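Notebook open, pencil ready. I'm going to jot down what I looked up, one topic at a time.

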Amino acid sequence: MRMNKISASQPAEKAGQAGAAEPVVCRSCGAVYANGDWTSARKLRAGRHPRWQPAIMVTCPACKKIEKGAVGGYVTISGIFATVHGDEIDRFVENEAERIAEDDPLSRIMRRIESTGHLQIETSTQHLARCLGTALAKAFDGEAHCDLTDGSKVAHVTWHRD
Ligand SMILES: [Zn+2]
């Protein structure tokens, strides 16, 4: 399933050329834009598009957002269980994010900020933040909440387990 609503919004701008020449490749993450859609570098490495030879270098929308620090979602992880199983949760979140990025290459983890008692993860899209909250609750129980305040485009997700 592709996130067409994201990738279809300004294709010419995303391709980095007025004529929307493609395929193009992101110089930061290797994502490829072709046939009107972004494909993650990971998926390309899996050999699904072995004949693509992108020649035009751009910065993809996800990397632009990351450069600008434009956060799409926050996931705040807290609780005793989360602290004790920190490494396991880190690995889970990373794997989950990679899996989600295969279908939605514009969804990335931007930053992780650790502080006493909780971990905050910044994501490039609200979609990824919500998926991570749901996945954590499904895998480890605990409680996940998502706030989309005032029609804001930023998701505030929390997951807590003691
Ligand atoms: Zn990129």
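Predicted model: local features only at pLDDT ≥ 70, side-chain atom pairs only at ≥ 80, totals over all residues.

First, a term I need: helices (H or I, at least four residues) and strands (E, at least two) are DSSP runs, numbered from the N terminus. Residues are numbered from 1 along each chain as its sequence is written.

**Entry: overview**

I looked up the helices and strands and found seven helices and nine strands in the protein. Then I checked burial, where a residue is buried if 20 or more other C-beta atoms lie within 10 Å of its own, exposed if 12 or fewer, and partly exposed in between, with C-beta atoms placed from the backbone. Of the 162 residues in the protein, 33% are buried. Next came contacts: two residues are in contact if their C-beta atoms, placed from the backbone, lie within 7 Å. Taking contacts between residues at least 6 apart in sequence, I noted that 60% join residues at least 24 apart.

**Entry: helix H4**

Which residues of H4 are buried? I found Pro61, Ala62 and Ile66. Looking down the axis of H4, I see its buried residues within an arc of 140 degrees, so they line one face of the helix. On the face of H4 turned away from its buried side I found Glu67 and Lys68, both exposed. After H4 comes glycine 69, with a positive phi near 70 degrees.

**Entry: the core**

I looked for a nonpolar core, meaning a set of buried Ala, Val, Leu, Ile, Met, Phe, Trp, Tyr and Cys residues joined through C-beta atoms within 7 Å. The largest one has 32 residues, and those with the most contacts inside it are Cys60, Val75, Ala129, Leu132, Val157 and Trp159. Elements giving two or more residues to this core include helix H4 (61–68), strand E5 (73–78), helix H7 (126–140) and strand E9 (155–160). H7 gives the largest share, five residues. Why does this core lie between domain 1 and domain 2? Domain 1 (4–66) and domain 2 (69–160) both give residues to the core, so it lies between them. The domain bounds come from an automatic or database domain assignment.

I also followed up tryptophan 159. Leaving out residues up to four places away in sequence, tryptophan 159 touches Val75, Ile77, Gly133, Leu136, Ala137, Gly142 and Ala144.

**Entry: the sheet**

Here strands pair if DSSP finds at least two bridges between them. I traced an open sheet of five strands in the order E6-E7-E5-E9-E8, with mixed pairing. E6 and strand E8 (143–147) are the edge strands, each pairing on one side only.

E5 and strand E7 (residues 118–123) are antiparallel, with six bridges. In E7, I found leucine 119 as the bridge partner of isoleucine 77, and threonine 123 as the partner of glycine 73. E6 and E7 also run antiparallel, joined by six bridges. Serine 115 stands opposite histidine 118 in E7. These two strands, E6 and E7, form a hairpin with two residues between them, and glycine 117 in the turn has a positive phi of about 85 degrees.

I then picked glutamine 120, which sits in strand E7. Is glutamine 120 buried or partly exposed? Glutamine 120 is partly exposed, with 15 other C-beta atoms within 10 Å. Not counting residues up to four places away in sequence, glutamine 120 touches Tyr74, Thr76 and Ile113. From glutamine 120 to serine 78 I noted 42 residues in sequence and 8.8 Å in space, C-alpha to C-alpha.

Most residues other than glycine have a negative phi. Asparagine 35 has a positive phi near 50 degrees without being a glycine. I located asparagine 35 in the loop between E2 and strand E3 (37–39). Asparagine 35 is exposed, with 9 other C-beta atoms within 10 Å.

Aspartate 141 isn't a glycine, yet it has a positive phi of about 65 degrees. Aspartate 141 lies in the loop between H7 and E8. Aspartate 141 is exposed, with 11 other C-beta atoms within 10 Å.

How values were computed: Arc of directions from axis to C-beta.
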